[in-house]
Amino acid sequence: YQRRVRGPKKFLVVSLSLFRWFTSCSVTEMGAYKYLEELWKKKQSDALRFLLRVRCWEYRQLPSLCRLTRPTRPEKARRLGYKRKQGFVIYRVRIRRGGRKKPVPKGIVYGKPKSQGVNQLKNQRGLRAIAEERAGRALGGLRVLSSYWVNQDGTYKYFEVILVDPAHNAIRGDPRINWITKPVHKHRELRGLTSAGKKARGLHGKGPRYCKNRPSRTAVWKKNQRLSLRRYR
């Protein structure tokens with residue numbers, strides 16, 4: 001293309017146009033958080049595999065619930081509402097993987113044959129929702145905003161939970177986050193109001209397949225079981 005264009009001025013104009021086109025591409029407009037996001041999507045890469053393996057060894061030496069000075073995945077935490085300001089707290093929670101064996105002595109269940117199962121029992125909620133619950137119970141004065149996955153090994157999964165202090169002036173004066181200071185949001189993680197809790201309740205889907213999940217499965221069941229007879233019909 002350079003050979004077909006004659007003259008130094010035309011070559012300069014073509015070079016400037018190519019430079020403007022290249023700088024306007026979406027690849028060059030990626031910020032630092034976008035690069036981190038793309039990096040965390042490739043968890044099987046050599047760099048991230050080594051990093052996760054080293055961090056997982058460190059996490060095993062620490063308590064099951066410990067506070068962090070900053071999030072391990074800043075781009076993920078910011079997408080979930082985290083801000084690096086006073087009033088926001090990050091805690092890492094360790095949850096044992098696998099199903100939940102029924103805690104009965106010698107595997108004996110005294111009851112109906114329907115409830116005889118011991119080993120192949122599963123959780124009704126995901127491990128991330130359980131991590132939020134444990135963090136919310138241990139830190140009763142804080143409000144759980146959301147959480148995300150950071151690591152796992154053969155025995156444990158590690159999640160980081162974003163908590164907010166509803167009594168802090170920096171939170172109460174921020175119109176973007178002060179909704180969480182209302183009393184109706186106390187222990188929202190225990191009532192299935194966080195993202196992980198809504199997923200367990202089947203509220204992440206839309207369409208005819210999920211119409212019986214709203215507002216909740218229990219509410220829909222009660223509505224269908226109730227016989228409503230109008231007085232004038």
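I count a residue as buried when its relative accessible area is under 20%. The model I am reading is predicted.

**Lys 85 and Asp 174.** I looked up Asp 174 and found 8% relative accessibility, so it is buried. Its side chain meets that of Lys 85 in a salt bridge, 3.1 Å from N to O. The two residues are 89 apart and link distant parts of the chain: Lys 85 is in the loop between α4 (74-79) and β2, and Asp 174 is in the loop between α6 (169-172) and α7 (195-200). I noted Lys 85 as partly exposed, at 32%.

**Helix α2.** Next I checked charged pairs in this helix. Lys 34 forms a salt bridge with Glu 38, with the closest N and O atoms 3.7 Å apart. These two are about one helical turn apart because four residues separate them in α2 (residues 32-41). I have Lys 34 at 34% and Glu 38 at 28%, both partly exposed.

Glu 37 forms a salt bridge with Lys 41, closest N and O atoms 3.8 Å apart. I found Glu 37 buried at 17%, whereas Lys 41 is exposed at 51%.

My count of salt bridges comes to 12.

**Strand β4.** I then asked how many of the nine residues of β4 are buried. Eight are, so the strand (residues 156-164) is largely enclosed by the rest of the structure. Leu 163 is the bridge partner of Val 89, and Tyr 158 that of Asn 151. A hairpin of three residues joins β3 to β4.

Technical notes:
Residues numbered from 1 in each chain as written. Predicted model: local features only at pLDDT ≥ 70, side-chain atom pairs only at ≥ 80, totals over all residues. Heavy atoms only, no water. Buried < 20%, exposed > 50% of the residue type's maximum accessible area, 1.4 Å probe, protein only. Pairing = 2+ DSSP bridges. Salt bridge = Lys/Arg side-chain N within 4 Å of Asp/Glu carboxyl O.
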